[in-house]
Amino acid sequence: MLKGILSGSILLLLSQEELYGYKLSEKLTDFGFNDIPKGTIYPLLLSLEKKKLIKGTMKPSDTGPQRKYYSLTNTGAAEKNEFIMQWHNLKNSVDNLIKGSELNENE
């Protein structure tokens with residue numbers, strides 16, 4: 001489940017701007033994804049690219065070799081919207097479960 005949440009989160013970030021792998025990893029950390037090993041991001045990017053949800057473009061870097069910047073495809077944008085809908089459904093279900101559990105504890 002975490003892998004799916006991470007993939008959806010990557011799609012969300014790439015819907016806002018083009019990012020290269022390391023910068024994407026930093027952005028995820030900024031949003032609280034602190035425990036994700038750096039080696040997890042690149043296989044996910046490769047998987048998303050193979051599914052044609054994102055596309056990579058090599059661009060020059062000011063500080064060294066070229067970097068591969070990723071952006072969302074139209075298919076990726078539709079997948080992002082599907083992720084958001086599924087997330088809201090999952091969140092509501094877990095919230096209801098927690099509320100029910102708390103009510104039972106207080107009775």
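This passage describes the fold, surface and side-chain contacts of a predicted single-chain model. Residues are numbered from 1 along each chain as its sequence is written, and side-chain values rest on heavy atoms, with hydrogens and water left out.

The chain contains four helices and three strands; helices (H or I, at least four residues) and strands (E, at least two) are DSSP runs, numbered from the N terminus. Along the sequence these elements follow the pattern α-β-α-α-β-β-α. The C-alpha atoms fill a box of roughly 65 × 25 × 20 Å along the principal axes.

Of the 107 residues, 29% count as buried, where buried means under 20% relative accessible area, exposed over 50%, and partly exposed in between (1.4 Å probe, protein chains only). Serine 9, located in helix α1 (residues 2–16), is buried, with a relative accessible area of 10%. Leaving aside residues up to four places away in sequence, serine 9 touches Leu28, Phe33 and Phe83.

A nonpolar surface patch of about 320 Å² is formed by Trp87, Leu90, Val94 and Ile98. Patches are made of residues with over 30% relative accessible area and no salt bridge, like charges being joined within 9 Å and nonpolar side chains (Val, Leu, Ile, Met, Phe, Trp, Tyr) within 5 Å. Tryptophan 87 belongs to helix α4 (residues 74–106). With a relative accessible area of 35%, tryptophan 87 is partly exposed.

Strands β2 (residues 54–61) and β3 (residues 64–72) run antiparallel and are joined by seven bridges; two strands pair if DSSP finds at least two bridges between them. Residues up to four places away in sequence excluded, threonine 57 touches Arg67, Lys68 and Tyr69. Threonine 57 and lysine 23 are 34 residues apart in sequence, and their C-alpha atoms are 15 Å apart in space.

The loop between α3 (38–50) and β2 contains lysine 52. Lysine 52 has a positive phi of about 60° although it is not a glycine. Most residues other than glycine have a negative phi. Lysine 52 counts as exposed, at 59% relative accessibility.

Five salt bridges were counted, each being a side-chain nitrogen of Lys or Arg within 4 Å of a carboxyl oxygen of Asp or Glu. One of them is between lysine 59 and glutamate 18, at 2.5 Å from N to O. This pair links distant parts of the chain, with lysine 59 in strand β2 and glutamate 18 in the loop between α1 and β1 (19–20), 41 residues apart. Lysine 59 is partly exposed, with a relative accessible area of 29%, and glutamate 18 is partly exposed at 31%.

A salt bridge also joins glutamate 49 and lysine 68 (3.2 Å, N to O). Here too distant parts of the chain are linked, glutamate 49 being in helix α3 and lysine 68 in strand β3, 19 residues apart. Lysine 68 has a relative accessible area of 30% and is partly exposed.

Lysine 23 and glutamate 26 form a salt bridge in which the closest N and O atoms are 3.6 Å apart. These two residues are separated by about one helical turn, because they lie three residues apart in helix α2 (residues 21–30). Lysine 23 is partly exposed, with a relative accessible area of 33%, as is glutamate 26, with 31%.

Definitions and conventions:
This is a predicted model: local features need pLDDT of at least 70, side-chain atom pairs count only at pLDDT 80 or more; totals for chains, interfaces and linings use all residues. Accessible areas come from the Shrake-Rupley method with a 1.4 Å probe; for residues, only the protein chains shown count as cover. Contact means heavy atoms within 4.5 Å.
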